[in-house]
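Hi,

Here's the structure I promised to send over.

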Amino acid sequence: MKFLVCISNVPDTTTKITFTPDNKEFNKAGVQFVINPWDEYALTRAIELKEAQGSGTVTVLNVGEADTEPNIRKALAIGADDAIRVNAAPKDAYFVAEQIAAIAKEGAYDVILMGKESIDYNGFQVHGMVGELLGIPTVAPAMKLDMSGNTATLEREIEGGKEIVEVATPFVASCQQPMCEPRIPNMRGIMTARTKPLKVVEPTGEGARTSVAEYALPPKKQGVKLIPAESAGDLIKLLRNEAKVI
């Protein structure tokens, strides 16, 4: 069984967000980047399934520039067997999906896993695009994944409940909690990750189809006004005239 796990390089959740002077790009200066937390569920579950089967491979795929390699090595330290980096900035969802689909097709992977979304853009788009480009089923968002031979049983979240589906390989699944407990690298994993293969390839396709016109920070929170209980009329005036919500 060949697993392809797609990971994103995202800012740490404690990062203070700023933009370049023209407000067209995220300012990376001084920012700590991590593996997208949702992708860690996909990575850990792929490793668990490979271990349970006693055979197979787990390949990590990242679309990104050279500065993403420390986190690719971290994924190798967690337990992936090898890695591929597409040497391009992930400019938009379709471009990323196009690169993943090309690698997946060339490598004839059985299971393609990724997080349900990246925590920087929260797009929830790439998995569906990959499945469509490859012409294979997509299950999203998956909360549980088990394999029996070439058939997978997945539990996914739907409005008001859960749905259990079966699908034959190959397929795409996006992952979220509580699929597994994400692993952290141990010392042995960190040492062996240094010698695991990391292949760099150039992008394919036509490039990004969208571009950022401008980024903007949300408006600063305004001060709180406390209205005495006996002055309900003043509260109604403020809601109508200042907040303009009634």
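Let's start with helix α3: 11 of its 15 residues are buried, so the helix is largely enclosed by the rest of the structure. Before I go on, a word on where this comes from: it is a predicted model, so local features need pLDDT of at least 70 and side-chain atom pairs count only at pLDDT 80 or more, while totals for chains, interfaces and linings use all residues. Residues are numbered from 1 along each chain as its sequence is written, and side-chain values use heavy atoms, with hydrogens and water left out.

Helices (H or I, at least four residues) and strands (E, at least two) are DSSP runs, numbered from the N terminus.

Just past the helix, Ala 108 has a positive phi of about 50 degrees.

Helix α1 (residues 37-53) is mostly covered too, with 12 of its 17 residues buried.

**The cores**

Where do the nonpolar residues gather? The largest nonpolar core has 36 residues, and Val 5, Leu 43, Val 58, Leu 113, Leu 145, Leu 154 and Phe 171 have the most contacts inside it. (A nonpolar core is a set of buried Ala, Val, Leu, Ile, Met, Phe, Trp, Tyr and Cys residues joined through side-chain atoms within 4.5 Å.) The elements that each supply at least two of its residues include β1, β4, β6 and β10 (171-175), but the largest share, seven residues, comes from α1. Another core lies apart from it, with 22 residues, among them Ile 84, Ala 93, Phe 95 and Ile 100.

**Charges**

There are 11 salt bridges in the structure, counting a side-chain nitrogen of Lys or Arg within 4 Å of a carboxyl oxygen of Asp or Glu. One of them joins Lys 50 and Asp 81 at 3.1 Å, N to O. Lys 50 sits in α1 and Asp 81 in the loop between α2 and β5, so this pair ties together parts that are 31 residues apart in sequence. Lys 50 is buried at 16% relative accessible area, whereas Asp 81 is partly exposed at 25%.

Asp 67 and Lys 28 also pair, at 3.5 Å, across 39 residues of sequence. Arg 45, Glu 48 and Asp 146 are linked in a network of salt bridges.

Which charged residue is buried yet has no salt bridge? Lys 116: the nearest side chain of opposite charge, Glu 117, is 4.3 Å away. (Lys and Arg count as positive, Asp and Glu as negative; His and the chain ends are not counted.) Lys 116 lies in the loop between β6 (111-115) and α4 (126-134). Its side chain does make a 3.4 Å polar contact with that of Gln 176, meaning a pair of N or O atoms within 3.5 Å; within protein, one must be able to donate a hydrogen and the other to accept it, and residues adjacent in sequence count only if both atoms are side-chain atoms. Trp 38, Phe 124 and Pro 141 are among the residues in contact with Lys 116.

Most residues other than glycine have a negative phi, and most peptide bonds are trans. Two cis bonds are worth a look: Ala 140 to Pro 141, with omega about -15 degrees, and Gln 177 to Pro 178, with omega about 5 degrees. Pro 141 is in strand β7, and Pro 178 is in the loop between β10 and α5 (187-193). Phe 124 has a positive phi of about 55 degrees, and Asn 122 has one near 50 degrees.

Cheers

Methods. Buried means under 20% relative accessible area, exposed over 50%, partly exposed in between (1.4 Å probe, protein chains only). Contact means heavy atoms within 4.5 Å. Lists of a residue's contacts leave out its neighbours within four places in sequence.
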